[in-house]
Amino acid sequence: MATFGGPLDELVDFNTIECLNQDEAYPVANAFTDGDEFLASHSTPELLVKVGFIHPVKLCGIKIQGTEEEAAPQRVKVFLERPQLELDQVETEEPAQELVLDPEHALGGTPVLLRTVKFQHVQSIQLFVGQSGGSEQTRVERIRFYGQPALKAELKEFKPPSADPNDGADAGFAHVCAALGGVCASSTAEVTSKFADPWKFVRMHALGGPAGFGGGAAQPSGMPQRCICAPGNRSPDKPAA
């Protein structure tokens, strides 16, 4: 059975969304909200939708739902990490995957399963709709991405080193902090002095903290503020450990 994960609406960076060849009366923003509004192409069926994510994600599926059969998207090329892609490049560039939408997907709203091996760590995605059901105008009622935050998926497989200081625990903390986006300035001793289970602290922060990827949870009490992973201290410009 296909597994799509959960909706990633909260991780879409709406400041990055744009669409080439859209009808300005029916802009791309319509396709990212529920309702009767839709995205429409301008003069030809082609649309190039560009979307960035707040944090990298593991994508498992995409829903691209049209309004009616003749104007529904039928063929979609999916590109990754190409925010500067232009319409005149899509025919010569190699997509990560090409989707053929049957009525179940294009009209019924069933997500299309992606080859997840190519979508493990996605920061931005570009969708080129090259063909509709026959109309000169393509209409898209809803675009939705499914999966999970990339770091959450990675930490499921992560095995922390031994707590024995002779077994390189400091290197383990540096590895996790690098995965969180920076180099941790806190020592193992500082973290362990505040948390009986330091790896529980890491999991809480990575999966639920405000600077992590789960969202919604409060900052763990006693979290070292010198840690680059603490809220307000993250910096993508810091070198990885």
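## Ground rules

The model is predicted, so local features need pLDDT of at least 70 and side-chain atom pairs count only at pLDDT 80 or more, while totals for chains, interfaces and linings use all residues. Residues are numbered from 1 along each chain as its sequence is written, and side-chain values use heavy atoms, with hydrogens and water left out.

Strand names come from DSSP: strands are E runs of at least two residues, helices are H or I runs of at least four, and both are numbered from the N terminus.

Side chains of opposite charge can pair when their charged atoms come close. Here that takes the form of 7 salt bridges, each being a side-chain nitrogen of Lys or Arg within 4 Å of a carboxyl oxygen of Asp or Glu.

With Asp9, the closest N and O atoms are 3.4 Å apart. That pair links distant parts of the chain, 133 residues apart: Arg142 sits in strand S9 (residues 139-149), and Asp9 in the loop between strand S1 (6-7) and strand S2 (12-20). Asp34 also forms a salt bridge with Arg142, and there the closest N and O atoms are 2.8 Å apart. Asp34 lies in the loop between S2 and strand S3 (39-40), so its bridge to Arg142 in S9 ties together parts that are 108 residues apart in sequence.

How do these three residues stand in terms of burial? The scale is relative accessible area with a 1.4 Å probe and protein chains only: under 20% is buried, over 50% is exposed, and anything in between is partly exposed. Arg142 is buried at 6%, Asp9 is partly exposed at 27%, and Asp34 is exposed at 62%.

## Another bridge, and a network

Glu91 and Lys77 also meet through their side chains, in a salt bridge of 3.5 Å from N to O. Lys77 is buried, at 13% relative accessibility, whereas Glu91 is exposed, at 58%.

## Aromatic pairs

The whole structure has 4 aromatic pairs. Rings of Phe, Tyr and Trp (its six-membered ring) pair if their centres lie within 6.5 Å; planes under 30 degrees apart are stacked, over 60 edge-to-face, and the rest tilted. Phe14 and Phe32 are edge-to-face, at 6.4 Å centre to centre and 85° between the planes. Phe14 is in strand S2 and Phe32 in the loop between S2 and S3, so this pair ties together parts 18 residues apart in sequence. Phe32 is buried, with 7% relative accessibility. Ring pairs also link Phe14, Phe32, Phe53 and Phe145 into a cluster.

Tyr26 and Phe38 are a stacked pair, because their ring centres are 4.7 Å apart and their planes are at 10°. Both residues lie in the loop between S2 and S3, 12 residues apart. Tyr26 is partly exposed at 31%, while Phe38 is buried at 12%.

## The second largest cavity

Rolling a probe the size of a water molecule over the atoms shows where empty space is left. The structure holds 2 cavities of 30 Å³ or more. A cavity is a set of points, on a 1 Å grid over the protein atoms alone, where a 1.4 Å probe fits but cannot get out; lining residues have an atom within 4 Å of a point. Volume is the space filled by probe spheres set on the points, which are joined across faces, edges and corners.

The second largest cavity has a volume of about 40 Å³. Its lining includes Leu39, Leu47, Ile64, Val76, Leu127 and Ile143. Strand S4 (47-66), strand S8 (122-132) and S9 each give two or more residues to this lining, and S4 makes the largest share, with 3 residues. What classes of residue make up the lining? There are 9 nonpolar, no polar and no charged residues, where nonpolar means Ala, Val, Leu, Ile, Met, Phe, Trp, Tyr, Cys and Pro, charged means Asp, Glu, Lys and Arg, and the others, Gly among them, are polar.

## Strands S5 and S6

S5 and S6 run antiparallel and are joined by 4 bridges; two strands pair if DSSP finds at least two bridges between them. Arg75 has Val100 in S6 as its bridge partner. S6 has Gln97 and Leu99 on its covered face, with Glu98 and Val100 on the uncovered one.

How values were computed. 1 Å grid on protein atoms, 1.4 Å probe; cavity = no way out; pocket = protein on both sides within 12 Å on 5 of 7 lines; lining within 4 Å.
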